[in-house]
Amino acid sequence: RLTGSNLRCSWCDTAYAFHDGENLTLEETLQKVEAFKLPLVEITGGEPLMQEDVYPLMQALLKNGYQVMLETGGSLPIDKVPEKIIKILDLKCPGSGEEKKNHLENLKFLSPHDEVKFVLLDRADYEWSRNLIQKYDMASSAQILFSPVYDKLALKDLSQWILEDRLPVRLQTQL
């Protein structure tokens, strides 16, 4: 998890990542990752693309044989992210208060192994997301995830809306 974020979503669950953290060299970071002895690494934040050193980190992880995922808030360009990285583009819905910061140009850089995530606060967020998916034909270029804001939108309601509209999305929940 990298420190810093240029967004302040109303329902953010990782505000602790805005400021705290420790500075590590690339080598120190790779040593910490290696200690886990796992094949998959997810880079997240805050907003990881705020740090230029994330690009050499991604390249080094790929070179060392890791499967790498990058979760980004979608407000910064992803065009420099290596193709092999699994990008999770977390588009911000109106309920977050940050929807105007979405960099929709990023949709051009998605691959079928990538994901677009929508965290939904209410029916208005659902309809906004549904319309955006249809407008940009997102289902043809990436997997789509819908996740209700914890303790704000009932999983049952969101499930029903998805089924009624036959949306090509996966339901994701926070525990």
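Biologist: Which elements do the buried residues of α1 pack against?

Modeller: They pack against β1 (40–43) and α2 (54–63), where contact means heavy atoms within 4.5 Å. This is a predicted model, with pLDDT of at least 70 needed for local features and 80 or more for side-chain atom pairs, while totals for chains, interfaces and linings use all residues. Residues are numbered from 1 along each chain as its sequence is written, and side-chain values use heavy atoms, leaving out hydrogens and water.

Biologist: What makes α1 a helix, and which residues does it span?

Modeller: A helix is a DSSP run of H or I with at least four residues, and a strand is a run of E with at least two, numbered from the N terminus. Helix α1 covers residues 26–36.

Biologist: Which residues of α1 are called buried?

Modeller: T29, L30 and V33. Buried means under 20% relative accessible area, exposed over 50%, and partly exposed in between, with a 1.4 Å probe and protein chains only.

Biologist: How many helices and strands does the protein chain have?

Modeller: The chain has 4 helices and 6 strands, in the order α-β-α-β-β-β-α-β-α-β from the N terminus. Of its 175 residues, 46% count as buried.
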